Structure formats: structure tokens, C-alpha cells
Amino acid sequence: MKVLSLVVDGLERAREDGLVPWVFQQGADIICLQDTRCSEYSLTSNDFFPSDYHAYFADNYDNHRINGVAIYCREMPKAIMFGLGFMDYDPLGLYIQADYAECSVGSILVPSSRAENASQKMHFLNQLSGHLQKVRNKKREFILCGGWELAWQPRDAEESGNRLDIPGFSSEERDWLGSLYRAGYTDAFRQVDHEDDDFTWWPEGDDKPGLRTDTHIISDGLAESVTAAYVESEEAFSSHAPVIIDYDITL
């Protein structure tokens, strides 16, 4: 199974840069998009709804031009879950999940620490960690794809030794991510790629230092199923790069 994930910085805007034909030509079984800034009903072109994918969207209730996540599935899921059960955050369009028989795939957009509501980020993450520990008791595996805006180790932040203001690289944020990895979850990308120069986000522009904040966080039971992982750095559709990971599993 091939899963592709990308923070698009606006799906309609990214289409103008060629994202739509490119993303559907990658042969991914599941495509997870974040920061779509649209609703399903605001997309007027059939290009966004190819016949060989089932498309599902979760948007911000008050303003669909803010946040938003989507998931495209070749095989129809058994169920789609919108939100995480967080009263304060589900209306913001931050999470959507496709459930299959033994595996769930989620598309997640963590609130940004660079936005006006920066204080919400750790509150959201703390609720998320509680949720993730509860679902570990279920007899299923999880793949959570997204724009986490979190970097765990110095090698995940270019020029990390010279800066103290890197988004998602505070001690509190790094501790949260490290705790998650010690509690039954794994960075799927690092299962097969251990290089120090794989970055996925350039918050200050592509001529500034990059960060590796986009990944698939998976339950430990899937760790051995990761067969390939790469960042598509040759294509530029947003300030983020696509992350593509192959799993030796069947939905």
C-alpha cells in the first residue's frame, strides 16, 4: 500500500501549480492532504474528483477557507470519521480518518504555533496524546499522516544548532513528540531513511533553512511493514514537500 501526504497551503491554489494531475498520477492507494482551505462543495472542477478515488473532506465549520483536511481512497473505506471527539477542535477541520478492517489512516493538521491561536497547539497535542493512548487498546493499527509542525531531533531541523526560534522545535514540543514515540508509536519515515538532509517544510521560503515536520506517525505494529519512504523534493506545490511511504500491508 502506498500512502502520500502533503500540506497543500490551499488546494485550489496548489492546483494552479500543477498539484492535481501530479498527485493522482503517483499511484497512491491513499492520499492525505492538509490545509486544504476549501470544502468539498466549494470545489467546482471535476479535476478534484477522479473516478478512481473516493474523496472525503473535513473543513472549518465557520470558514472553509481556513484549515481543512482531505483523504482520497482507491478502496472505499468501511467508515469515515470526522474529528477526534475534541469539542474545541473538531469544528476547525483538523482531522479526518478512513477506517478499514484492521487499519485506520488519518489526515491530521496540527494547529500552528505561528498563528494567532498559538496557545492552542499544546492544548490540542495534549488531548491528542490521550486519544492516541486510548486507541492503542483497539485491535487495529493506525497511520496518521500530516503536517505536525513538530521536529524531534536536531537533524530534523536545518541549522538547528544556530537557532532558538524554529517552529515546532521548542523543548515542550520535542518532549511531547518523544513521549509519543516511547508510548507505542513510530516515525514511519525513519524506519527506512536515516539521512540528515531530508526536509519537508520551508516556513520562511525555499531559500531558508528547512525542517522535517511532515511524516506518517504509525502504531508500532506497523513498523516492520514500512518498505520505502521518500520526500518528493523535485516538485514544489506549496511550502511543504510530499511524503510518500510504502507499506507491506493490504487494506
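**Reading cysteines, a strand and a helix pair**

Author: A search of this whole predicted structure finds zero disulfides.

Reader: Are C32 and C73 buried or exposed?

Author: C32 is buried, at 0% relative accessible area. C73 is also buried, with 0% relative accessibility.

Reader: C73 points one way from β4. Which residues point the other way from β4?

Author: In a regular strand the side chains alternate between the two faces of the sheet. Here V69, I71 and C73 point one way from β4, while A70 and Y72 point the other way. Five of the five residues of β4 (residues 69–73) are buried, so the strand is largely enclosed by the rest of the structure.

Reader: Which strands pair with β4?

Author: Strand β2 (residues 30–34) pairs with β4 in the antiparallel sense, over five bridges. There, I30 has C73 as its bridge partner. Strand β3 (residues 54–58) also runs antiparallel to β4, joined by five bridges. F57 is partnered with A70.

Reader: How are helices α3 and α4 oriented to each other?

Author: Their axes cross at roughly 10° and come within 11 Å. The two helices are therefore roughly parallel. Residues in contact include L125 and L128 of α3, and W176 and L180 of α4. By class, the contact has six nonpolar, three polar and three charged residues.

Terms used. Residues numbered from 1 in each chain as written. Predicted model: local features only at pLDDT ≥ 70, side-chain atom pairs only at ≥ 80, totals over all residues. Heavy atoms only, no water. Disulfide = S-S within 2.5 Å. Buried < 20%, exposed > 50% of the residue type's maximum accessible area, 1.4 Å probe, protein only. Axes fitted to C-alpha atoms, helices over the stretch in contact; angles between N-to-C directions. Helix = DSSP H or I, 4+ residues; strand = E, 2+ residues; numbered from the N terminus. Parallel < 35°, antiparallel > 145°, perpendicular 65-115°, else oblique. Contact = heavy atoms within 4.5 Å. Nonpolar A, V, L, I, M, F, W, Y, C, P; charged D, E, K, R; others polar. Pairing = 2+ DSSP bridges.
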